[in-house]
Amino acid sequence: MSSKSLLRYEASVAEQANQDENSQAATGEREPAQLSICAECDGQVVTENNESFCANCGLVVTAEHVDHRPTRSVHGPSDGRGLSEWSCEPINPLRVDKGLHTTFFLGSDGYGNSLSREQKDKFERLRQRHKRFQVEDKRAIRLNEGFRDIESITGNLTLPGFIAEDAGLFLKRAAEARLPGGRMSWEALAAGAVALATLEGNFPRPCTKVAKYAKADRERVCAAARKIRCELELNVPPVRDTAVDAVIAALDDDAPDVEACLQLRRIGEHLLEIADEKPIGTGTSRLTIAAAAVYAADRITDGKALTQAEVAEAGTTILDTTKSRVSRYSRALYDAYVAKHGRDNPAAVLDRGRIQLH
């Protein structure tokens with residue numbers, strides 16, 4: 001082909017490409033437009049120069065669009081025999097640095113041939129060294145182990161991936177707030193974060209099932225879930241919203257009459273709300289605080305028919321609770337009630353409950 005013919009051919013190709021682009025911009029939708037119909041006048045949305053607008057009313061849908069998506073890259077030879085992979089890794093909340101570090105896990109070379117035993121051993125050693133250099137801080141190492149616990153628990157419970165990611169975000173915020181320490185272990189916090197994430201994502205799982213695959217018992221899982229929820233002020237339902245009812249139902253023969261039980265329930269739930277607001281006993285399970293709330297409610301009302309031993313025994317039938325905990329937290333709840341209402345008269349709660357019922 002002569003040079004003149006080549007120039008004419010290139011010009012015709014460029015003109016054809018221009019025509020195709022103009023016709024597509026004038027008649028249809030392309031990136032970055034997300035809607036082909038205008039929300040205001042039901043007109044056609046078109047895109048020109050990275051700006052999408054309605055052809056009828058001129059409503060701008062998107063402007064100054066920047067595509068942040070990763071690009072395709074081929075590792076290997078240019079003849080197409082190599083593996084086609086993403087050149088950028090997706091962000092993963094279940095990693096200390098969101099997965100932005102470099103990882104290598106290929107089991108074959110650029111030509112698709114399997115690696116030899118010596119090459120696999122070499123890459124395994126490099127992978128271990130890379131992991132050590134990647135996470136040097138001890139707290140980051142524990143956080144990374146907590147993420148692995150979350151993946152294990154959610155996997156055994158067959159929960160969707162976004163539940164694990166939400167739990168990972170809860171655990172990371174707990175680590176930033178310095179919640180781990182003392183009797184509150186990283187393992188318990190990881191399981192508690194899963195319990196809260198299941199409630200937020202409408203995939204509720206009781207603490208008994210979460211603790212089955214966790215490295216902590218049920219009491220510590222419940223306590224960790226409450227600590228994360230109260231200390232971080234999360235807008236997530238509690239892991240046991242019927243804790244007061246469970247304690248009153250477990251009283252059996254020690255329970256007062258029906259009217260007194262209703263009063264204990266109403267005041268006990270109010271005390272439990274105060275315990276979440278203050279917060280009081282955040283490192284303790286919600287059932288233990290509920291038992292203390294029932295005893296404090298009995299002290300506030302005129303009945304005074306329960307003892308600390310009876311309430312502790314009733315709570316122990318569901319979760320391990322001691323008399324000393326009931327005594328300590330019931331005093332704190334009683335003082336918080338008086339500080340909020342200025343007196344220990346139950347009418348401040350009971351009268352309001354009657355108004356709401358009517």
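## Basis of the model

Helices (H or I, at least four residues) and strands (E, at least two) are DSSP runs, numbered from the N terminus. The model is predicted: local features need pLDDT of at least 70, side-chain atom pairs count only at pLDDT 80 or more, and totals for chains, interfaces and linings use all residues. Residue numbering starts from 1 along each chain as its sequence is written, and side-chain values use heavy atoms, with hydrogens and water left out.

## Confidence

The pLDDT is the predictor's confidence in each residue, from 0 to 100. Its average for the protein is 77, and 74% of the residues score at least 70. Confidence is highest in α5, at 93, and lowest in helix α1 (residues 3-27), at a mean of 48. Residues 1-7 have pLDDT below 50, and beyond near neighbours in sequence this stretch has one contact in the model, where contact means heavy atoms within 4.5 Å. Over residues 19-33 pLDDT also stays under 50; for these residues the model has 30 contacts beyond four places in sequence.

## Backbone features in loops

Asn-202 is in the loop between α5 (186-200) and α6 (207-212), while Glu-233 lies in the loop between α7 (218-231) and α8 (243-250).

Buried means under 20% relative accessible area, exposed over 50%, and partly exposed in between (1.4 Å probe, protein chains only). Asn-202 counts as exposed because its relative accessibility is 66%; Glu-233, at 70%, is likewise exposed.

A cis peptide bond, with omega about -5°, joins Lys-278 and Pro-279. Pro-279 is placed in the loop between α9 (258-277) and α10 (286-300).
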